[in-house]
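Please have the picture in view as I talk.

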Amino acid sequence: MSTRALLIAALVAATLPATATAAAVTPMIPAQHTAVQPAPLPTDQCLAQLKKHCYSPQQLQAAYDVNPLYAKGITGKGRTVVIVDSFGSPTIQHDLEVFDKQFGLPDTQVEVLKWGEVPPFDPTDSDQTGWAGESTLDVEAAHAIAPGAKIVLVETGVAETEGPVGVPEMMSAVNHLVNAGEGDVVSMSWGTGERHFPGYEVGDYTSLTTQRYAFQNAARHGVTLTASSGDGGGAQAGTGGFWPSSDPLVTAIGGTHLDLDNAGQRLSPDSAWTGSGGYVSQVFDRPAYQNGVKSVVGAKRGTPDISMDADPDGGLWIYSSYDPKAPGWWLGGGTSQSSPLFAGVVALADQAVGHRLGQIDDNIYRMRGRGIVDVTTGQTGANGYPAVPGYDHATGVGTLDVAKFVAELR
């Protein structure tokens, strides 16, 4: 089962049978639509009516200390965030404009690149609606943090599933945009277990590693790559990683839970979200930037690297109308949310420093304590990890104070 619909992991929790788990449900858009609201609610009303936290872009901007950058004109202007999804959404421009009007954000034109034979959108096709929801969350989350950045939504014609299916089309699209000079940061809210690539069981990783050419090209061109670390809560070493977040050329974004008031002020420290994916790769050796945490990751690449808001009990309000029978507002979540949020941060940082930052992991691991906020409470899934002082497989090095983080970059 693909975890490409990472956004919905706990959106559906209230609607699932007691024996079900959110991570086992795909596609999840129909259940998501049970939570559609005619208008976004403030957090106190969400807690009273929906029994969960809900947040506006302004609350996340306050929580992550982004406003000092906006005051300096740092909004992501002149930078481009690329979102890569299957099928996309036919209403993405309209939906972003509704989102912007509601929250007072500047409009931006979403450039849509249809890569391959993308089929006409069918609102009765649950696979297409699942990806439409994913695309909507990705675009609106990135825009919420970097409202001045250009957004390119890549729509591929083959759905990414477990293993290599759909991946070649995505890699080809990324490679094309890198060569065309389009994109300073690429966000990928999808992934598959390394073990699902043919040959894995016999130690032949060629079917996976041959897909890396686009990432290697991105690295040569200074393009930052981010990917969701997964919504399964992680797994102990020896079971394999979750790709592309397990790739050493990609920054793996895990998930936290935020407890905010209506103004975006923290009522308690961030904690690890129970679904935050943390893994140890079987394919990739430990990169140099993780040498300082080798006591945790061992000889292989460990994930995540860093984390942002992912718990749907604290999701970002998202607007969509791709399903004409159920337009409205719903809560995002999952590491599908945290990856584009962090991509937005990278766009801000690129503008602030005046150049592409490229692979950002060296900065992340050297800056602990300077713009990086350690997360020391919370636990991922039953087979996952606790958040502890320092690096862990629940939240990586922690989360962000964006203004301080950007100030430390060169």
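This is a predicted model: local features need pLDDT of at least 70, side-chain atom pairs count only at pLDDT 80 or more; totals for chains, interfaces and linings use all residues.

P244 is found in the loop between β8 (242–243) and β9 (251–257), where strands are DSSP runs of E of at least two residues and helices are DSSP runs of H or I of at least four, both numbered from the N terminus.

Residues are numbered from 1 along each chain as its sequence is written, and side-chain values use heavy atoms, with hydrogens and water left out.

Another cis peptide bond runs from T303 to P304, with omega near 0°, and P304 lies in the loop between β12 (300–302) and β13 (306–309).

Let me turn to phi angles. D65, which is not a glycine, has a positive phi near 60°, and this residue sits in the loop between α3 (57–63) and α4 (67–71). Is F87 buried or exposed? F87 counts as buried, with a relative accessibility of 12%, whereas D65, at 24%, counts as partly exposed; here buried means under 20% relative accessible area, exposed means over 50%, and partly exposed is in between, using a 1.4 Å probe and protein chains only. F87 also has a positive phi, of about 70°, although it is not a glycine, and its place is in the loop between β2 (80–86) and α5 (92–103).

Now for the chain as a whole. The protein has 13 helices and 17 strands, and its C-alpha trace spans about 50 × 45 × 45 Å along the principal axes. Of the 410 residues in the protein, 62% are buried. If we take contacts, meaning heavy atoms within 4.5 Å, between residues at least 6 apart in sequence, then 79% of them join residues at least 24 apart.

Finally, the surface: the protein exposes about 13900 Å², of which carbon and sulfur atoms supply 53%, with accessible areas coming from the Shrake-Rupley method with a 1.4 Å probe, and only the protein chains shown counting as cover for residues.
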